[in-house]
Amino acid sequence: MTSANAAWEPKIVAFLCHWCSYAGADLAGISRLQYPPNVRVLRVPCSGAVNPFYILKALQRGADGVLVSGCHPGDCHYLAGNLVARRKFALLRKLLEQVGIEEQRVQFSWVSAAEGQKFADVIAKVVGDVKALGPAGFLLKAGRTSCP
Amino acid sequence: MTTNLRETAARLLAEGTVQLVLGWERGTLPLRTTPLFAREPGEAGRLVYDPTCDQNLAGYLGRVKEERVALIARPCEARALVEQVRENRIDRDRVLAIGLPCSGRISRSALASRLTGRVIREGRLAADRLVVAGDDWREEFPWTEVLDPVCRGCRLPDPGIYWAAPEGAVPPEGDRFAEFDRRRSLSPEQRRDEFRQAAERCLACYACRQACPMCSCAECITDRTAPAWLGPAADPSDTMLFHLVRAMHLAGRCVDCGACARACPVGVDLRHLHLALEREGSERFDHCPGLDPASRPLVGGFRPDDREEFIL
């Protein structure tokens, strides 16, 4: 591995639902739990509000991996937004597999507001998985080599 | 059969049962058809029906204003009509679906590769033989040799939407998933390469979107300028995103008529994306598009016991 590769750190875009996972991330923070700093958090109203296109767009704009996290089934603030999302994500995974995009690049989780430790663990797993895969260049748009 | 069809169409128009008959007429090039919008009984005489009929007519239903419309329907049109009725995009009572038996369609790309680039000046069908001729050549062979792969193993069950049901239809044998299965056997790298090559050929002309009977958004994501999700030029990254998001939009709705692949001017065939979602929809969610106007949508709904083994 060259020194450039050794210095490479993956960029992960995390879509976190406002009601559970974002609060879970907050809990991880105020509990001073350590997790890799590779994640850029985007707060969304609900995991059901995450259009699959947002995920593709993140990969196009330079993300190496994407995490979408929402409330556990039954806990959705909007009753069933996460259950609708679950179907969409199952289909999106199949579609990405069909065109050869590694399944670990786009991951999904349920993290409640009380699960600070689980949030830290999920981030560690996603960052570790994407690190093992290396940079994602497949959907990257030329001239878009970095996101802040 | 064409004579019968013309008589029926002329009668429906003359009686005022419908104000419009949607069918096909001869195109200006050999072996090509173009949609016919017949509004006068006299125009019904231009109707044709044979394996060269290319377009999926159901896509035009949302764009015509007539109170009652007769639709010449093969199984492809019928399935698309079912989906449009299911989505409340078309009033079931507005459409008379005249079912015609279909034994498949000619694939122009298969024909072109068989003729290895020779230009067709003349082409006609005589029973099951296809006769094509150029400046200094002539060939004759059964047209089923250039059958559209989408027609192999066609799902023919009557979705119960016909005004006049087709009789004597024999679906061509084979497996419409054949190309899909080939791609499933590739490694992720090979799949990425093939998808990238297709995206690089894509001109971003969106003929696939225009030809699709189910691509029905009033404003397509590709036409939006604020924010401009996709650039105006045919950048491979943008075309990849377009085809992926189009597949997602068609998840559980695509009736696998193959109109997108036939409309493509550069021969990009990405049916396998839609088939991947169709198969996942049927295996995972027991969903089959195009057969039941009362069925629940695949995306936008859920069952409490949907599997979630992939969620951390």
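Mentor: A residue is called buried under 20% relative accessible area, exposed over 50% and partly exposed in between, with a 1.4 Å probe and protein chains only. The model is predicted, so local features need pLDDT of at least 70 and side-chain atom pairs pLDDT 80 or more, while totals for chains, interfaces and linings use all residues; side-chain values rest on heavy atoms, without hydrogens or water. Residues are numbered from 1 along each chain as written, and chains are lettered from A and ligands numbered from 1 in written order.

Trainee: How many aromatic pairs are there over all chains?

Mentor: There are 12, where rings of Phe, Tyr and Trp (its six-membered ring) pair if their centres lie within 6.5 Å, and planes under 30 degrees apart count as stacked, over 60 as edge-to-face and the rest as tilted. Tyr54(A) and Trp229(B) form a stacked pair, because their ring centres are 6.0 Å apart and their planes lie at 25°.

Trainee: Where do Tyr54(A) and Trp229(B) lie?

Mentor: Tyr54(A) is in helix H3 of chain A and Trp229(B) in the loop between H6 and H7 of chain B, so the pair joins two chains. Helices (H or I, at least four residues) and strands (E, at least two) are DSSP runs, numbered from the N terminus. Tyr54(A) is partly exposed at 31% relative accessibility, and Trp229(B) is partly exposed at 22%.

Trainee: How are the planes of Phe37(B) and Tyr60(B) set?

Mentor: They stand at 90° with ring centres 5.5 Å apart, so this pair is edge-to-face. Phe37(B) belongs to strand S2 (residues 33-38) of chain B and Tyr60(B) to the loop between S2 and strand S3 (69-73), so the pair ties together parts 23 residues apart in sequence. Ring pairs also link Phe15(A), Phe53(A), Tyr54(A) and Trp229(B) into a cluster.

Trainee: Which residues does the cis peptide bond join?

Mentor: The bond lies between Ala226(B) and Pro227(B), with omega about 0°. Pro227(B) sits in the loop between H6 and H7 of chain B.

Trainee: What is the phi of Leu31(B), and what is that of Asp256(B)?

Mentor: Leu31(B) has phi near 60°, a positive value in a residue other than glycine; this residue is in the loop between strand S1 (20-26) and S2 of chain B and is buried at 13% relative accessibility. Asp256(B), also not a glycine, has a positive phi of about 50°. Asp256(B) is in the loop between H7 and H8 of chain B and is buried at 5%.

Trainee: What does Phe195(B) touch?

Mentor: Leaving aside residues up to four places away in sequence, the contacts (heavy atoms within 4.5 Å) of Phe195(B) include Val99(A), Phe138(A) and His243(B).
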